[in-house]
Amino acid sequence: MKLAEVRNLAVGIVVALLAIAVPLVSDGYWLSIATTAMMYIALSTSWALFSGPTHLIALSTGAFFGIGGYLVGTGMSDYELDFWLMAAVAPFVAMFLALLIGLATLRLSGVYFVIFTLGLAEMIRNLVSWIQNNFLGSRGLYVLTDFTDAHIYWMLLAVAIVVFLTGWWINRSRLGFALRIIGNDEEVAKHVGIDTAWSKVTLFMTTGFFAALVGAIVAPRYSYIEPNVVFSPQLSFLVVIMALLGGVHRLWGPLVGVIPFTLMWEAITIFFPSSTTLFLGISFLLIVYLIPNGFVGMFESGLARLRR
Amino acid sequence: MDILISGLLLGGTYALMAMGLNLQYGVARIMNLANGEMLVLGGLSAFWLFTASAVSPLLTAIIIAPLSFIGNWLIYRYLLLPLVRRSKNQGQLEVDSILATFGMSFALVGVMVSIHGEYFTYSYLADPLSVFGSTVALNRAVAFVAAVAIGGALYFWLNRTYAGTAVRAVSVSAEASGLVGINVDRISAFAFALGGAVTAIGGTLISTFITLDASIGVLFTMKALIIIIMGGVGDIRGAIIAALILGLVETAVATIVDPGLTLASAYVIFLAVLLFRPQGLFGRRTT
């Protein structure tokens with residue numbers, strides 16, 4: 001290991017230890033915000049694993065997240081299955097779906113992929129509602145566990161740490177190297193013998209896996225699951241915004257975006273509940289026009305200018 | 001038979017909005033995800049003028065056309081052209097324009113919700129009309145006729161006039177048309193503005209028979225995109241056929257199975273196109 005890597009690892013361990021301690025020093029309102037932030041950290045970091053190097057805007061987070069939450073809900077309510085079992089099954093279901101979507105769209109131009117994921121959450125929601133109304137009967141699903149916010153927070157933290165480790169490992173692996181080449185020039189990647197479609201599909205499956213896992217873990221927070229709640233298209237956009245705001249070319253970039261944005265979003269939903277959509281739009285525009293490389297990019301170019 | 005007629009009528013209006021997006025994506029190369037909001041904006045103005053001062057939606061369509069043309073021209077000139085200039089390659093432009101138009105779409109939804117947060121319900125020409133033995137609402141038929149007229153005019157203009165040829169040239173290759181003396185930026189801005197205007201007209205027509213609301217735009221964007229991909233990017237004729245197919249399938253699924261599954265049926269079509277004809281119905285396979 002090089003010195004820089006040891007340093008990064010040390011910083012990571014310190015941050016993780018600090019994060020573990022959060023529920024011990026805060027409770028109630030702030031803990032619930034920290035839990036939300038942790039959820040978005042896991043989601044947007046895993047989103048950036050795929051969308052960062054490939055530059056493909058995946059809007060499927062809401063769909064995978066919903067699959068996680070819904071499977072836990074229907075498993076526990078309709079079939080009286082264990083929470084842990086469902087939380088373990090859901091990510092693999094999402095991964096399989098990601099495989100199918102990836103095989104159908106990622107072999108083609110990137111735009112098709114973006115469009116396909118755009119309506120995905122809504123489409124699955126329609127399907128699930130239809131199946132529920134016509135075949136299952138019940139509409140609301142209850143997820144009753146004895147988890148407190150602190151438990152959920154720690155579980156999400158564990159997922160976030162696994163996401164970071166996965167990202168670190170991918171960066172060092174052949175797959176990560178291949179993806180960086182694909183992101184720079186797909187033609188070149190093909191010519192040096194990289195199976196571009198498979199590399200993208202594999203990573204997309206990873207993203208789907210983590211999104212569903214997070215959805216499953218967060219389900220007890222809602223306690224009452226309805227397709228309209230868990231399959232929220234807005235979630236997909238929030239994850240994209242937070243990741244881009246932080247910067248997707250570094251593993252820790254999304255983290256930098258999530259924390260300020262979660263706080264801001266919380267304030268907006270409290271003080272201007274009717275203008276959340278407008279605010280979402282403005283943030284997208286600001287990011288594209290003013291901070292195209294995110295906070296991390298701003299910070300790095302500022303640092304480079306200082307050194308000169 | 002009922003399904004066939006109302007499916008075709010619905011498809012006719014879909015064709016109009018898809019033509020609008022096709023001009024924007026095929027010529028100006030901007031994947032405009034705020035297209036659906038432009039449509040809803042057209043619907044909102046029709047609703048608003050009709051309920052406030054009883055202006056006929058057909059008249060609104062004529063008023064809204066130049067306004068949305070100017071609006072979209074300004075959007076292209078001041079928001080999107082900087083992105084076109086900034087991007088080094090087509091991929092970068094695609095990512096930027098997708099994000100920027102998402103921003104616009106959300107901002108527009110936000111504004112429209114604050115203007116009118118409920119459904120745009122009004123009733124215009126809701127009288128029955130008998131076509132080939134099956135009964136359809138008069139407003140659907142009127143919207144279809146208007147869509148056909150506008151679509152036909154657009155098709156004629158693109159294929160038979162000098163300016164239309166320039167637009168098609170840019171859609172084939174922006175670089176080559178620059179070399180033969182076409183002002184690519186101006187044509188792109190024009191195509192983008194025209195596309196926006198056509199979509200907004202489509203919105204005023206659709207609002208006479210489908211109840212819109214401020215946040216429904218993304219659904220129409222989705223449908224327009226599926227139509228364009230099915231018809232082949234930049235191909236007006238393909239888009240019309242594809243729109244009719246989508247209209248028919250959606251109506252069939254809504255009548256026979258469940259109205260909640262129209263989006264799912266659109267996805268099935270989309271998936272089939274991606275798997276079997278990713279180059280579009282009439283497109284040639286590139287090597």
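1. A term to start with: Ala, Val, Leu, Ile, Met, Phe, Trp, Tyr, Cys and Pro count as nonpolar, Asp, Glu, Lys and Arg as charged, and the others, Gly among them, as polar. Keep these classes in mind for the points below. Note too that this is a predicted model.

2. The structure holds 3 cavities of 30 Å³ or more. The largest cavity has a volume of about 50 Å³. Its lining is made by 10 residues. Those nearest the centre of the largest cavity are B:L58, B:Y124, B:V142, B:L205 and B:T208.

3. Which elements give two or more residues to the lining of the largest cavity? They are helix 3 (57-86), helix 5 (138-160) and helix 8 (184-206), and they belong to chain B. Helix 5 of chain B gives the largest share of this lining, 3 residues.

4. What is the lining of the largest cavity like by class? It has 7 nonpolar and 3 polar residues.

5. Now turn to the contact between the chains. Chain A puts 34 residues into the contact, and chain B puts in 38 residues. Together chain A and chain B bury about 3,200 Å² between them. Carbon and sulfur atoms carry 82% of that area. In chain A, the residues that lose the most area to chain B are A:Y112, A:I115 and A:Y289. Together these three account for 19% of what the chain A side buries.

6. Next, the pairs across the interface. The count of salt bridges between chain A and chain B is 0. Polar contacts do occur there: the rule finds 6 residue pairs, both residues at pLDDT 80 or more.

7. Look at the side of chain A that touches chain B. The elements that give two or more residues to this side are helix 4 (83-105), helix 5 (110-118), helix 6 (120-136), helix 12 (233-246) and helix 14 (276-290) of chain A. Helix 14 of chain A gives the largest share, 8 residues. By class, this side of chain A divides into 24 nonpolar, 8 polar and 2 charged residues.

8. Last, the charged pairs. Side chains of opposite charge can pair when their charged atoms come close. Over all chains the count comes to 6 salt bridges. One salt bridge joins A:D149 and A:R221, with the closest N and O atoms 3.7 Å apart. This pair links distant parts of the chain, 72 residues apart. A:D149 sits in helix 7 (residues 149-172) of chain A, and A:R221 in helix 10 (residues 196-222) of chain A.

Conventions
Residues are numbered from 1 along each chain as its sequence is written. Chains are lettered from A and ligands numbered from 1 in the order in which they are written. This is a predicted model: local features need pLDDT of at least 70, side-chain atom pairs count only at pLDDT 80 or more; totals for chains, interfaces and linings use all residues. Side-chain values use heavy atoms; hydrogens and water are left out. On a 1 Å grid over the protein atoms alone, a cavity is a set of points where a 1.4 Å probe fits but cannot get out, and a pocket is an open set with protein on both sides within 12 Å along at least five of seven lines; lining residues have an atom within 4 Å of a point. Grid points are joined across faces, edges and corners, and a volume is the space filled by probe spheres set on the points. Helices (H or I, at least four residues) and strands (E, at least two) are DSSP runs, numbered from the N terminus. Contact means heavy atoms within 4.5 Å. Buried area is the accessible area (1.4 Å probe) that two parts lose on being put together, summed over both. A salt bridge is a side-chain nitrogen of Lys or Arg within 4 Å of a carboxyl oxygen of Asp or Glu. A polar contact is a pair of N or O atoms within 3.5 Å; within protein, one must be able to donate a hydrogen and the other to accept it, and residues adjacent in sequence count only if both atoms are side-chain atoms.
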